[in-house]
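Here is a friendly briefing to read alongside the sequence and the 3D view. Please keep both open as you go.

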Amino acid sequence: MGFLTIIIEWFPYLIQGIFATLGLVASALFLGVVLGLPMAVGQVYGKRLVRFLIAIYVWFFRGLPILVLLFLFYFGIFPGLGMDVSAFFVGATVLGLRGAAYQSQIFRGAIQSVSEGQMIAARSVGMTKLQSIRNVILPQAVRVALPGWSNEYPNILTDSSICYAIGVMELMTRTSQIVSQTYVTMPIYLVCAGIFILLNYGGMRALHMIEMKIKIPGFGTGAA
Amino acid sequence: MENTDTILRVENIHKSFGDLEVLKGVSFDVKKGETICFIGPSGTGKSTLLRCINLLTQPDQGSVWLGGEEVTNSGKQINHFRQRIGMVFQNFFLFDHLTAVRNVEIALIKVKGMKPKEAREKALEELRQVGMEDWAEHYPAELSGGQAQRVSIARALAMDPDVILFDEPTSALDPELTREVLEVMKKLALAGMTMIVVTHEMGFACSVANRIMFMEYGEIIEQGSPQELMSDAKFERCKNFIGQFDGVNGD
């Protein structure tokens with residue numbers, strides 16, 4: 001019975017980690033879209049130099065382990081820039097910049113899957129290239145990308161636990177703290193695992209609902 | 001006489017893709033309200049010629065004039081000219097993520113800056129013109145080829161263009177659907193719309209066109225009215241071409 005009381009006693013402390021974890025995931029997904037989508041557009045439609053710079057970016061953030069990126073930013077880049085930022089800020093930034101690299105490639109594939117005729121038709125009614133991309137290409141590409149993009153959620157959610165290494169007070173960090181305070185291991189880690197699974201399930205359900213909501217005849221998104 | 005005004009002038013258009021010279025100096029004039037049909041074997045540059053008119057394909061040489069203004073070398077102004085040159089494609093190219101009515105109104109809103117309510121009214125009016133008003137809220141994937149093509153004609157019409165280019169508008173359709181699209185086009189021609197039509201529909205060309213251009217190997221080889229084409233001996237090559245169809249269609 002001992003560990004049950006311990007769990008009940010520490011549960012509120014653990015629960016607070018959910019906010020940090022979800023905060024990390026939300027920042028990463030947000031930055032991923034805000035940076036990843038324009039990067040994808042740049043990679044498909046941009047000039048040679050633009051495409052080159054984006055390729056370098058993607059290569060860098062996909063090429064390094066998260067842990068290396070975290071330490072690089074936490075101990076190197078941010079201090080080097082004279083910025084005194086929280087561990088959470090570093091974690092959210094690194095997951096976000098890394099997410100943007102991955103997500104840009106999901107969006108790039110989706111943009112390239114939109115048939116060439118769509119751009120031709122948009123230009124033929126007098127839209128500029130930018131108007132065509134915004135009003136015709138992206139609305140279609142985003143629908144194509146959504147299933148693949150949704151898959152980034154569990155990836156980033158599970159990846160976020162590695163922010164433990166720089167002391168972000170998220171689920172994993174708090175779990176370890178409780179373990180070292182109470183010497184109860186298995187039950188505490190199981191509770192932590194349970195919370196991750198619930199967050200995963202809930203998030204995927206929510207994303208699936210969005211997919212269904214923006215579903216349009218002729219687009220295979222979220223098809224059974 | 002307004003009817004004799006030249007609305008579109010195409011001068012000496014050349015276009016090569018790599019080593020292949022697709023257009024070898026094509027010139028012609030179109031008068032306001034005229035319907036001109038381009039016929040000829042596949043791969044002779046008819047579609048490329050159409051795309052050179054609104055610069056979807058950049059010609060290597062030559063010029064295009066719309067109502068006395070030069071379309072070629074117009075820089076950013078090209079988007080303005082394209083509003084005045086409608087285009088209908090073989091494979092429709094409707095915007096797949098938009099309903100029929102949204103397909104027609106989007107350029108009115110985004111390009112012409114029309115108010116959404118006004119644009120909706122105009123779009124519905126154009127859909128009525130092509131008999132598609134009952135399908136306004138349907139997506140392209142839910143339309144037959146003939147219906148989709150009629151919506152795409154409405155999309156072109158909505159911009160109030162000076163001329164509409166039809167690039168083999170019925171080549172992707174079965175005979176029944178072809179007929180419903182040709183009827184719409186015939187109605188437009190009779191209503192005085194200026195049209196340039198690349199087609200393999202000889203019946204349509206002969207009954208609707210003011211002039212027929214026969215193209216081969218990147219040049220206009222023979223041209224004249226349908227009547228001339230039927231009777232005049234100089235249209236030998238063209239008659240041979242049409243004769244092939246008769247052969248296939250059976251004795």
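The notes below move from the chains to the sheet, the core, the contact and a few single residues.

This is a predicted model, in which local features need pLDDT of at least 70, side-chain atom pairs count only at pLDDT 80 or more, and totals for chains, interfaces and linings use all residues. Residues are numbered from 1 along each chain as its sequence is written, while chains are lettered from A and ligands numbered from 1 in the order in which they are written.

**Chain A overall**

- Chain A has nine helices and zero strands, where helices (H or I, at least four residues) and strands (E, at least two) are DSSP runs numbered from the N terminus.
- Along the sequence, the pattern of chain A reads α-α-α-α-α-α-α-α-α.
- A box of roughly 75 × 45 × 20 Å, taken along the principal axes, holds the C-alpha atoms of chain A.
- Of the 224 residues in chain A, 36% are buried; a residue is buried if 20 or more other C-beta atoms lie within 10 Å of its own, exposed if 12 or fewer, and partly exposed in between, with C-beta atoms placed from the backbone.
- Take the contacts in chain A between residues at least 6 apart in sequence: 77% of them join residues at least 24 apart. Two residues are in contact if their C-beta atoms, placed from the backbone, lie within 7 Å.

**The sheet in chain B**

- Six strands of chain B make an open sheet with mixed pairing, in the order β6-β7-β8-β3-β9-β10; two strands pair if DSSP finds at least two bridges between them.
- β6 and β10 (219–224) of chain B each have a single partner strand, so one side of each lacks a neighbour in the sheet.
- On average, neighbouring strands of this sheet are turned by 20° against each other, direction ignored. Here axes are lines fitted to C-alpha atoms, for helices over the stretch in contact, and angles run from 0 to 180 degrees between N-to-C directions.
- Strand β3 (residues 35–39) of chain B is mostly covered, with five of its five residues buried.
- From β3(B), the buried residues B:T35, B:C37 and B:I39 point one way, and the buried residues B:I36 and B:F38 point the other way. In a regular strand the side chains alternate between the two faces of the sheet.
- β3(B) pairs with strand β8 (residues 195–198) of chain B in the parallel sense over four bridges, and B:I36 has B:I196 as its bridge partner in β8(B).
- β3(B) also runs parallel to strand β9 (residues 211–216) of chain B, joined by four bridges, with B:F38 opposite B:M213.
- β9(B) and β10(B) run antiparallel and are joined by five bridges; B:F214 has B:E222 as its bridge partner in β10(B).

**The largest nonpolar core**

- The largest nonpolar core has 132 residues, and those touching the most other members include A:A141, B:L127 and B:I196. Such a core is a set of buried Ala, Val, Leu, Ile, Met, Phe, Trp, Tyr and Cys residues joined through C-beta atoms within 7 Å.
- Helix α1 (residues 2–45) of chain A gives the largest share of this core, twelve residues.
- Leaving out residues up to four places away in sequence, B:I196 touches B:V30, B:I36, B:L50, B:V163, B:L165 and B:F166.

**Where the chains meet**

- The contact takes 19 residues from chain A and 23 residues from chain B.
- On the side of chain A that touches chain B, α5 (116–124) and α6 (129–150) of chain A are the elements that give two or more residues.
- In α5(A), A:A121, A:A122, A:R123 and A:S124 are buried, and their cover includes α6 of chain A together with α2 (78–84) and β6 (85–88) of chain B.
- A:G126 follows α5(A) and has a positive phi, near 100°.

**Two residues of chain B**

- B:V111 sits in the loop between α3 (100–110) and α4 (116–129) of chain B and is buried because 20 other C-beta atoms lie within 10 Å.
- B:Q61 lies in strand β4 (residues 61–66) of chain B and counts as partly exposed because it has 13 C-beta neighbours inside 10 Å.
- Beyond residues up to four places away in sequence, B:Q61 touches B:N12 and B:H14.
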